[in-house]
Amino acid sequence: DEFVDDVHHRVKEEPSLVYDLPIEKIVSAVGSTLGMAKDIFYSFTRSREGAWGRAVAAFLGRKWGGYQLKRFAEHFKRDPVVISKGVRGVEKRLAKDGPFAQSVAMMEKTLIRNKKPKIVN
């Protein structure tokens, strides 16, 4: 109980910054940075490249746009569980892969450049 109270207290104290980022803009930034054509994100083939692109886009959308992963699942017409697993894969790779982390940082800068954040509690 003490742990749960502590987490709730921290969450309430630390507001999040989010930006008005349309999903299409996120997809465009991910595609251009990773060298992926836009249609790969929406393809229904079993392409790992498309799944990876969707996962990176969902990761960035959740982090900087305040989106729920469910919204990305709806947008890409995929199962939310699959999107969630992909995002966890992105998070794991960020911790291990320096060049990938630099690519993600570049995407983040591109997405939020000249944007005014909104504070969300």
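Trainee: Lys77 first. Buried or exposed?

Mentor: Exposed, with a relative accessible area of 61%. Keep in mind that this is a predicted model.

Trainee: Where does Lys77 lie?

Mentor: In the loop between H5 and H6. Lys77 follows H5.

Trainee: What about the phi of Lys77?

Mentor: Phi is near 60°. That is a positive value in a residue other than glycine.

Trainee: Which other residue has a phi near 60°?

Mentor: Asn114, for one. Its phi is positive too, and Asn114 is not a glycine.

Trainee: Where is Asn114 found?

Mentor: In the loop between H7 and strand E2, which spans 118-120. Asn114 counts as exposed, at 80% relative accessibility.

Trainee: Back to H5. Which of its residues are buried?

Mentor: H5 covers residues 69-76. Leu69, Phe72, Ala73, His75 and Phe76 are buried.

Trainee: How are they placed around the axis?

Mentor: They cover an arc of only 165°, which puts them on the same side of H5.

Trainee: Let me pick something in H6. Where is Ser84, and buried, partly exposed or exposed?

Mentor: Ser84 lies in helix H6. It is partly exposed, with a relative accessible area of 22%. The cut-off for buried is under 20%, so Ser84 does not count as buried.

Trainee: How far apart are Ser84 and Leu69?

Mentor: In sequence, 15 residues. In space, 6.6 Å, C-alpha to C-alpha. Leu69 is one of the buried residues of H5.

Trainee: New topic: Glu108. Which helix does it lie in?

Mentor: Helix H7, residues 98-112.

Trainee: Buried or exposed?

Mentor: Glu108 is buried, with a relative accessible area of 12%. Under 20% is the cut-off, so the 12% of Glu108 falls in the buried class.

Trainee: What does the side chain of Glu108 make a polar contact with?

Mentor: The side chain of Trp64, at 3.1 Å.

Trainee: Which residues is Glu108 in contact with, leaving aside its neighbours within four places in sequence?

Mentor: Phe59, Leu60, Lys63 and Trp64. Trp64 is also the polar partner, side chain to side chain.

Trainee: Quick recap of the loops, then. How do Lys77 and Asn114 sit?

Mentor: Lys77 is exposed at 61%. Asn114 is exposed at 80%. Phi is near 60° in Lys77 and near 60° in Asn114.

Notes. Residues are numbered from 1 along each chain as its sequence is written. This is a predicted model: local features need pLDDT of at least 70, side-chain atom pairs count only at pLDDT 80 or more; totals for chains, interfaces and linings use all residues. Side-chain values use heavy atoms; hydrogens and water are left out. Buried means under 20% relative accessible area, exposed over 50%, partly exposed in between (1.4 Å probe, protein chains only). Helices (H or I, at least four residues) and strands (E, at least two) are DSSP runs, numbered from the N terminus. The arc is that of the directions from the helix axis to the C-beta atoms. A polar contact is a pair of N or O atoms within 3.5 Å; within protein, one must be able to donate a hydrogen and the other to accept it, and residues adjacent in sequence count only if both atoms are side-chain atoms. Contact means heavy atoms within 4.5 Å.
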